[in-house]
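Student: Could you take me through the charged pairs here, one step at a time?

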Number of protein chains: 2
Amino acid sequence: MSDHQMPPALRFMLAARRCELQQLEGLALTCELVERASELVHDLQRERGFSNVLLGTGNDRYRTALEQHSTTARHSEARLRACLEALDARVTQERPRLLNRIACVLHLLDGLSGLRRAIVERRVQMQQATGTFSHLIGSLLAVIFEAADTASDPGLSRALVALFNFMQGKELAGQARAVGVVGFAQGYFDQDLLARLDELDGGQLRCFAGFLDHADARAVAIWDEVQGCASRQQIEQLRTMARRTSPTTPVEGVLAELWFELNTRRLDAMQAVAQHLVAALRTRCAASIRDAQADLDSHRKLSRRLAELDREPGQPLLFGLAANPVSDAGPGEAPAGILDLLQAQTRRLHEVEAELQETRQALAERKLLERAKQRLMEQLALPEAEAHQHLQRLAMRSGVALAEVVRRILAQPG
Amino acid sequence: MSDHQMPPALRFMLAARRCELQQLEGLALTCELVERASELVHDLQRERGFSNVLLGTGNDRYRTALEQHSTTARHSEARLRACLEALDARVTQERPRLLNRIACVLHLLDGLSGLRRAIVERRVQMQQATGTFSHLIGSLLAVIFEAADTASDPGLSRALVALFNFMQGKELAGQARAVGVVGFAQGYFDQDLLARLDELDGGQLRCFAGFLDHADARAVAIWDEVQGCASRQQIEQLRTMARRTSPTTPVEGVLAELWFELNTRRLDAMQAVAQHLVAALRTRCAASIRDAQADLDSHRKLSRRLAELDREPGQPLLFGLAANPVSDAGPGEAPAGILDLLQAQTRRLHEVEAELQETRQALAERKLLERAKQRLMEQLALPEAEAHQHLQRLAMRSGVALAEVVRRILAQPG
């Protein structure tokens, strides 16, 4: 018996199951995209870092390393683009916001080769190069965010939220590396640079807390190792030193290179956490698809059996109550078998929905932040990065949490 | 130039737009389903009412009317099933929860003919008949709920929330009609019946407030007319009378018929509100599709123009910065045209998301109620309707809002 010969109630019940399976299959593609995006983010962070130190210190020994890292990033980019080609064929399954984020990434990637040439030929300011890389990295993180926000499976959604928070925290650590290079290269840190480092620290704390809220035990263990390693203490010592500098009491510019290398070691170690999260995502996704497939198969078998029983005269009533309108269940009341099945499915879908709600709540604050940023970009005609810094400074100056500043801005009439 | 020859960034941007259009087209089918479901709900409410009064009063003059109303309901059912056939072919676009709710409706509809025979032959208790009809009506309302909860267009989502709240309130009014028939038919109202009427009143107030929060001005105007009509005052007078009855001071059983007819007049008048909401939904959906189509067309034209400019040498840079890596925008920075387009789309999608969040919030309380009900059904092995009444009574006895009772139940470890 094909699904189409079944009674409509069973057909729709199976369609609901099949739809869940298809959502998971779409999610598998999205997870692959997320994996490629997080690899590219790491490569671009390294490339941005080496660009900074090359432009900041003028030390040509970073040039070869930069070119190597650019090549690595180009390979990651090619893998991401290949993955997008596969996604493209199935785009109708995807969500407009995810597709729009991908469009932004692709557009910014198109500008990358020009930037690379300008960096190697030293025709661009460090700050501008950093800004362009950061914009692109931000757009890749937005893809991971949308993937987490639209995932239909609670376990996968949780893993994606952990990954997004982690990548976001790591990106702030990468920005801190850049800010430090600027300060040490010029020999001192002014109030603006120090404030920026503090903001980035605060942001990292929030992001890594969000990561820990959603991560599995193994990810947490790898993270603990990263936190315990020696380079972190040395970075702290350089931070203390940075605070004591001034234009009249500068430090050696060579510290920029030490700061850069310590931070790079730390960021590379962090990537092990991201790699674990991505691998766990892949395993989990495959397992969920297997479960859903098995579940659909067993439901299909059960439905066929119920439908066939219904056709044989003299069998207990399953549909229509045509033979004997007053059964045990009472006239017109649906008999147990199918109704139980349907109610169990309703209950399960309720639970899935409630679980998804929990992880999505964790992303809600970030969405409000995005909206507040958009508001500032329009009202003050600021570019995105500056709107973000403006928000962080408002929070710092008024001594309230960033989330509270966001709420106040959105509460004002637009 | 076909979409596929375009640069990937533009292709994904168009895919995002196309995806929004497809969601709207799917929503048009869902709106049709909602229209059919709300018609069938009205017919079943009337059929339930006439079944009640026939079984409660034993007056055979209701029998012919009942048979007429059953025929009407059968026609509405056939129209709903035809609409589901069309939906079935496109199910992959739909959501599992909606499909599961449809499966429940179809299953319960299969039991209807048996119930109808049992009612006409008076082989079933009034309460059991009412319960079975109410269960089916509840499952149809759940379809409207899911449609509202998964709608991707804020305007349509708002209209669906208004409709759902209204239909829910009307259903409680229909249940009040049934409770009144029981009391007047036996000549008096005990504490349980009076408490039930009060609960249903409270529920109606909440539902109609939710309707008014989301309805358009015309719907509100029609509702004001319904509220001002004479039958409502007469119903109030009967309510006052009901409160004074007791087993020793009963009223005439014939009042059951008066109560029934006044309430039926009121419920029929209410249906005009639902009809307006459904018609507005249809108009709005068609307009949204037209807008999205026009929008996609103009974006496609614009994208082609941008893509062609990009291919002509000597034109201002649009992609890749291949010709001149240092443009006004700075090396590697994306030039204005396309980035503006993408950012505008991001902003718009943010706004849509924020607006949708507002209406979905309005449904969140109802979802929590469903979960609390499920919890009670499992823990106390209660059927759905009784779990609901149990919740309402807990609220009444402890003198707190229903939402608060729900929160307390869900806060307990499952």
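Tutor: A residue is called buried under 20% relative accessible area, exposed over 50% and partly exposed in between, with a 1.4 Å probe and protein chains only. This is a predicted model, in which local features need pLDDT of at least 70 and side-chain atom pairs count only at pLDDT 80 or more, while totals for chains, interfaces and linings use all residues. Residues are numbered from 1 along each chain as its sequence is written, chains are lettered from A in the order in which they are written, and side-chain values use heavy atoms, without hydrogens and water.

Student: How many salt bridges are there over all chains?

Tutor: A salt bridge is a side-chain nitrogen of Lys or Arg within 4 Å of a carboxyl oxygen of Asp or Glu. Counted by this rule over all chains, the salt bridges come to 64.

Student: Which residue forms a salt bridge with B:Arg97, and is B:Arg97 buried or exposed?

Tutor: The partner of B:Arg97 is A:Glu353, with the closest N and O atoms 2.9 Å apart. Since B:Arg97 lies in helix α3 of chain B and A:Glu353 in helix α11 of chain A, the pair joins two chains; helices here are DSSP runs (H or I, at least four residues), numbered from the N terminus. A:Glu353 has 14% relative accessibility and counts as buried, and B:Arg97, at a relative accessible area of 18%, is buried.

Student: What is the N to O distance in the salt bridge of A:Lys367 and B:Glu353?

Tutor: Both A:Lys367 and B:Glu353 are buried. Their side chains meet in a salt bridge, N to O, at 2.5 Å.
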